[in-house]
Amino acid sequence: MLNTEVSSPLKNQLFFLDWDSTSILKLDPLTRHHSTVINNLGGYPDGILLDEENELIYWTNMGADWNGPDGAIEVARLDGSQRRMLVGGGVITTPKQIVFNADKSWLYFCDREGGRVMRCRPDGTALTTLVQRAPKMPEPRDFVDQCVGIAVDDANGKIYWSQKGPSKGNQGAIFRANIEIPQGQNAINRTDIETLLSALPEPIDLEIDFANATLYWSDRGAEPKGNTLNKARITAQGLEDHQIVAGGFKEAIGLDLDLANQLAFVSDLTGHVYQVSLATGQHQLLYQQGRLTGIKRHR
């Protein structure tokens with residue numbers, strides 16, 4: 001039988017965000033050819049997410065004033081057309097990493113200065129706060145309470161998130177809680193939050209390898225433990241066997257996994273995109289320019 005499946009011309013392309021040009025860029029990791037998908041995003045774009053099935057690209061923007069609620073979540077076609085805002089208008093402060101749940105019925109994201117873990121529908125409706133750290137007002141919350149990276153484990157009903165702490169402060173941590181708030185509790189007083197790892201340099205973006213029950217994360221803190229790609233086994237008790245997979249990055253932020261090829265892609269605030277071997281930790285530079293944040297590979 002003939003294979004009639006047509007490969008997308010975007011397959012394996014890397015989409016990432018540039019603070020300096022406030023743009024979404026794409027890069028072919030084989031040819032190193034890069035181009036601009038959308039420019040003039042404004043503010044500080046941070047998290048990025050692709051919906052290949054519906055040919056959509058989502059991104060978060062921390063806004064121009066990190067101390068004020070001018071953050072946003074936007075969406076456009078993969079070719080950059082039909083751009084529109086989904087969440088904004090003063091309801092979120094500085095949204096960071098953004099992810100889907102398994103069936104793409106929810107978008108999950110962290111609001112850093114807002115100290116929140118949140119979700120909404122892919123059309124921006126049903127905005128909900130799942131976790132509210134240190135409910136004192138006004139914003140921004142203290143550095144130790146600021147939520148950054150997020151991952152969702154639907155099968156086990158869990159959300160994971162990072163709190164980076166102060167810059168180079170070694171007060172970062174990774175937490176876990178049930179996706180749904182326990183009955184009779186709320187985002188502020190819920191009692192099911194677990195601290196999985198603490199005293200980390202500055203954990204940022206999270207990704208889960210579900211087949212191997214492993215959590216990966218980038219860390220932008222001070223060396224030797226910071227500016228690294230890390231992993232740990234997910235167990236019922238928490239995170240075990242924490243290992244540094246690779247180091248030597250410069251303010252590591254964005255992270256995506258290509259598990260079929262045992263690769264990770266890391267972007268950093270000094271403008272690098274790296275391809276990292278998960279087996280050896282060896283990495284090669286694919287791109288250098290601007291200040292880069294979130295990154296996602298087209299599957």
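**View A. An open antiparallel sheet of four strands in the order β12-β13-β14-β15**. The edge strands are β12 (147-153) and β15 (194-200), each of which pairs on one side only. From one strand to the next, the twist averages 15°. The model shown in this and the following views is predicted.

**View B. The antiparallel pairing of β14 with β15**. Strand β14 covers residues 172-178 and is joined to β15 over four bridges. G172 stands opposite L200 of β15. Strands of a sheet pair through backbone hydrogen bonds.

**View C. The stacked aromatic pair W161 and F175**. The structure holds seven aromatic pairs. In the pair of W161 and F175, the ring centres are 5.6 Å apart, with 15° between the planes.

**View D. Aromatic cluster of W19, Y44 and W66, with R112**. W19, Y44 and W66 form one cluster. The charged end of R112 sits over the ring of W66, 4.8 Å from the ring centre.

**View E. R119 over the face of W106**. R119 lies 4.1 Å from the ring centre of W106.

**View F. R121 in the loop between β10 and β11**. Leaving aside residues up to four places away in sequence, R121 touches S105, W106, L107 and A126. The C-alpha atoms of R121 and Y108 are separated by 8.8 Å, the two residues being 13 apart along the chain.

Terms used. Residues numbered from 1 in each chain as written. Predicted model: local features only at pLDDT ≥ 70, side-chain atom pairs only at ≥ 80, totals over all residues. Heavy atoms only, no water. Pairing = 2+ DSSP bridges. Helix = DSSP H or I, 4+ residues; strand = E, 2+ residues; numbered from the N terminus. Axes fitted to C-alpha atoms, helices over the stretch in contact; angles between N-to-C directions. Contact = heavy atoms within 4.5 Å. Phe/Tyr/Trp six-rings, centres within 6.5 Å; stacked < 30°, edge-to-face > 60°. Lys NZ or Arg CZ within 6 Å of the ring centre and 35° of its normal.
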